Amino acid sequence: AQDLAAYCVMLGDDALVLSQRLTEWVTGAPELEDEVALANIALDLLGQARLLLARAGQSDGSDRSEDDLAYWRDDRQFRNVRLVECPNGDFAETIARLLVFSTWRLAVLSRLTDSVDPVLAAIAAKGVKELTYHREYAAKWAVRLGDGTAYSAERMQAGLDAVWPLVAELFTTHEVESRLARVDVTVESSAVRDEFDTVLAQVLPAGDLSTPDRPALGAVAGLAGRDGVHTEHLGFLLAEMQTLARAHPDAVW
Amino acid sequence: AQDLAAYCVMLGDDALVLSQRLTEWVTGAPELEDEVALANIALDLLGQARLLLARAGQSDGSDRSEDDLAYWRDDRQFRNVRLVECPNGDFAETIARLLVFSTWRLAVLSRLTDSVDPVLAAIAAKGVKELTYHREYAAKWAVRLGDGTAYSAERMQAGLDAVWPLVAELFTTHEVESRLARVDVTVESSAVRDEFDTVLAQVLPAGDLSTPDRPALGAVAGLAGRDGVHTEHLGFLLAEMQTLARAHPDAVW
Amino acid sequence: MTQQLTDTPTDQQLEDHFEGRVANDQRIEPRDWMPDGYRKTLVRQISQHAHSEIIGMQPEGNWLTRAPSLRRKAILLAKVQDEAGHGLYLYSAAETLGADREDLTTKLISSRQKYSSIFNYPTLNFADIGVIGWLVDGAAICNQVPLCRSSYGPYARAMVRVCKEESFHQRQGYELLMTMMRGTAAQQEMVQEATNRWWWPSLMMFGPPDGDSPNTQQSMAWRIKRHTNDELRQKFVDMTVPQAEALGVTLPDPELVWNSESERHDFGTPDWDEFKNVLKGNGPCNAERVERRRRAHEDGQWVRDAAAAHAVKQAARQQTEALA
Amino acid sequence: MTQQLTDTPTDQQLEDHFEGRVANDQRIEPRDWMPDGYRKTLVRQISQHAHSEIIGMQPEGNWLTRAPSLRRKAILLAKVQDEAGHGLYLYSAAETLGADREDLTTKLISSRQKYSSIFNYPTLNFADIGVIGWLVDGAAICNQVPLCRSSYGPYARAMVRVCKEESFHQRQGYELLMTMMRGTAAQQEMVQEATNRWWWPSLMMFGPPDGDSPNTQQSMAWRIKRHTNDELRQKFVDMTVPQAEALGVTLPDPELVWNSESERHDFGTPDWDEFKNVLKGNGPCNAERVERRRRAHEDGQWVRDAAAAHAVKQAARQQTEALA
């Protein structure tokens, strides 16, 4: 149950933090249609985060609510991958991250629909539909930018290059995952790498983009996001996100 | 004593908030010499803020420390002018704000050296030396940029234009000031407008810059920074500034 | 019922026909003949309305990253997204009149077209989100419900959808305030403080007093406006007072009192000088609101260019394939 | 004592003279003859040191806006400012050898010159500020104190000043940690956690083991290095262990133990693969550190251009006035 909770926190934090980043695009997107689309994706991920954090609070016996977990943990206790916490960069980098993230997460969640944990399976089934749209949106833009103007092609490739060092972390299986995989609650992250590579091998060439050849971003003595060792960015993101909730610890909203 | 405390908070918050903004330049300045200079100015203002907030906490009988006041008030309780809380903008806008602010503050503090409150007079005496340097630094850069390249001249004028709507608020005498002026603790802000205009009338032409013709930024039903009604920026600045202190209310650092 | 016009009709005939339809509360549709003044007035009104939805996202968007619970964050995000959607319908409605969205955006970001002045005030605490729903959306609904019967078809239909969603937003805003008023003293204070700041600007949303609103008559004749500013303002006050009582907040107007004779509330005069000053561009947030929209538009230029270039390439490739 | 050379001396004579001076611990000054290799090695070493001061501002600067008390904010700001100052002296020292600051900056931001690898690790909590003072400045001082006797005069003099300020910073860092260890459980945990993250990278600051450090011999002969990497590392460990005990933190090395025979501490082997990986540019923060410096430099180009243009105009005006 502790493992299940820890795993829900990982997937929940990924969604929560990326949702927060996407939210920063609101009132700043290149076109109103993208304003709507990015807000919609942020809303879907926020919904996933709420379900996953609530599930975590139930299954670890702590009875913590989604808000307890979202607003009252420090960055050291967040378990998201570092990919989602980095600043947005420009539109191309945002798209590159979304493409990479949604391709990976869709692969994971589609396996989770068969989880022996019925709640996780149900959350995954809902998420699969949403992520299919997110991946499609990101892939379309990646192709458009890659096959657009010379400038946009350069930006799109630079965006992919910028996020690529953080991709390896997505496929690094954490021991919690390994244990849960053995009891059919989930699969190991490393198991979905093939699917990820296959999808990108379709999308990138369609936009005349190449798979970046970038080494993985180093960890700190082997520890990274899933262990609560993050980049310098997460603390700032959380300071902003949690400021009001923490200023009024007794309030109900 | 309440008035004196309120006035110290006004001047203290001005210094604290501008110091925080200038600090954001560290590791981002155009030249190492400016890195040093801006850090130095931020440090001077931080020093002024500490003395003024400490004085406020003593004189209102609340016995609050400088940190109590800096870290545990919400934006509604901050009393700085709106000028200091706005984002830095580019280097020219930062210089424009510093020029305007230091010219105004030097004029005020040089009057305050004659305050009947000996603590305030002493703080002012120290501040006068510092602000003389700040004003000189800002004036030099304003002239350099104004008389530099075509591009820099345009940026410098744009910087002045951008900060100008916030200048009027500096000279709007608050009722606290009026009451304190009557008992020779301070002077009314409006009384230093002439000095301010005289100084700028020397600096701006030297850089081929014109005094902006911009109306004052509107208040909210007559209320502005000195009444605790700020821009949308202050909340974000404080969220970041206060995050760690508030996460550990019982800690000593 | 459309009259068959075999010969080319004279302008007078067209105008008479148009006036007749409007007077009979029939809808004017994009392909119908309409007077230039009607078209211009509508384009201006619809695009100002669209701009207001888009700029209106900013004061609320300001709290998206800081919403104090995940549920409130989701509600707010959905609301702001709806506003982008409203902007989209309304720009589409303006396009049916021959306007061009890119051109309208250019007018907005160069301050040649206006948006509702209310969005030039800052949102300073989270109760502002509730008060915007309650008062600002409330006032917008008072203004807009009659527009669901606007003589121009596409506008009227857009308004039906917009009003439906806005009523929902208004209820959500009011519910947030109710929750906060049942909460801590600090939360109650926030609600009162936000109400104090937004009350007068909300009253100003109905525009200047009737005596100072020269275009009202023509707009009413054309049935693109159905009540005068003062009528709508009165209706709003009468509607809002009991809501404020139910919430437990005080409206910041010492002259506000029930007049049992006229069976309505008397109330004080908004600060019309402040209104004019904000309208002139000197409100607390005018410059920032327009600047943010301008920056988003300019920063997004290369993205829109890329999409256009890609579309051209795609079309060319499809043609080549079709020929092959 | 400088020998008067009346005839043009041969290279061999110059070199012998130089070697003699160095061997006698006399200082080499900018105008003195020196071998190319000496000059190049020094420029590389001094500029890497300067770059390290400048890049080193970033991990600490990361906490400037969030320091938990105004006193700590002032201390940190003064420290970061000192580092900018150190960078300035050191660039000046490199310039006495004919290097050009703009050129050195270009090499830094295009990753053609290195800086101390330690600054490629993130600062994740406020105890990191203390631990950087204690361990990182501590290791830097071990490295740098001998350099106060460097054979090259300007470098040696810069080092005297730098070392003095760094000892002060080290004491401040240690004092912060002492305060935190006397504080709440959360604060104590922060100190331990930060120590765990910084310990090994601090040991790596002395460079690879002597067997893998080919340039050490020549640098020692030239007296621009005075001890081997391993000697300095050992000295640092021996110095730090009792400080850790006094603080009450555990150094994260199970092999660390006092060897009463050799009268020094035995300790484990740092992860040299991680070291090489960070050195290659793949550490947690390499890309960001260089990018931030690059952006600052590029964003500031127009400002530096303006200053240069103004100086030219000023000079021209003064000349005109002088002629008039």
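1. Basis of the note. Because the model is predicted, local features need pLDDT of at least 70 and side-chain atom pairs count only at pLDDT 80 or more, while totals for chains, interfaces and linings use all residues. Residues are numbered from 1 along each chain as its sequence is written, chains are lettered from A in the order in which they are written, and side-chain values use heavy atoms, with hydrogens and water left out.

2. Confidence. Chain C has a mean pLDDT of 92, and 98% of its residues reach 70 or more; pLDDT is the predictor's confidence in each residue, from 0 to 100. For the complex, the predictor gives an ipTM of 0.94 and a pTM of 0.95.

3. Extent of the interface of chain C and chain A. The contact (heavy atoms within 4.5 Å) takes 45 residues from chain C and 48 residues from chain A. About 4000 Å² is buried between them, 68% of it from carbon and sulfur atoms; buried area is the accessible area (1.4 Å probe) that two parts lose on being put together, summed over both. In chain C, the residues that lose the most area to chain A are C:Thr65, C:Leu70 and C:Trp302, together 19% of what that side buries.

4. Charged pairs between chain C and chain A. The rule finds 4 salt bridges across this interface, a salt bridge being a side-chain nitrogen of Lys or Arg within 4 Å of a carboxyl oxygen of Asp or Glu. A:Asp147 forms a salt bridge with C:Lys313, with the closest N and O atoms 3.7 Å apart.

5. An aromatic pair. Over all chains the structure holds 34 aromatic pairs (rings of Phe, Tyr and Trp, the last by its six-membered ring, with centres within 6.5 Å; planes under 30 degrees apart count as stacked, over 60 as edge-to-face and the rest as tilted). A:Tyr151 and C:Trp302 form an edge-to-face pair, 5.6 Å centre to centre with 85 degrees between the planes. A:Tyr151 lies in helix α6 of chain A and C:Trp302 in helix α12 of chain C, so the pair joins two chains; helices are DSSP runs (H or I, at least four residues), numbered from the N terminus.

6. The interface of chain B and chain C. Here the contact takes 18 residues from chain B and 16 residues from chain C, and about 1300 Å² is buried, 53% of it on carbon and sulfur atoms. B:Val220, B:Glu232 and B:Phe236 lose the most area on the side of chain B, together 43% of what that side buries. The rule finds 2 salt bridges across this interface; B:Arg76 forms a salt bridge with C:Glu193, the closest N and O atoms being 2.7 Å apart.
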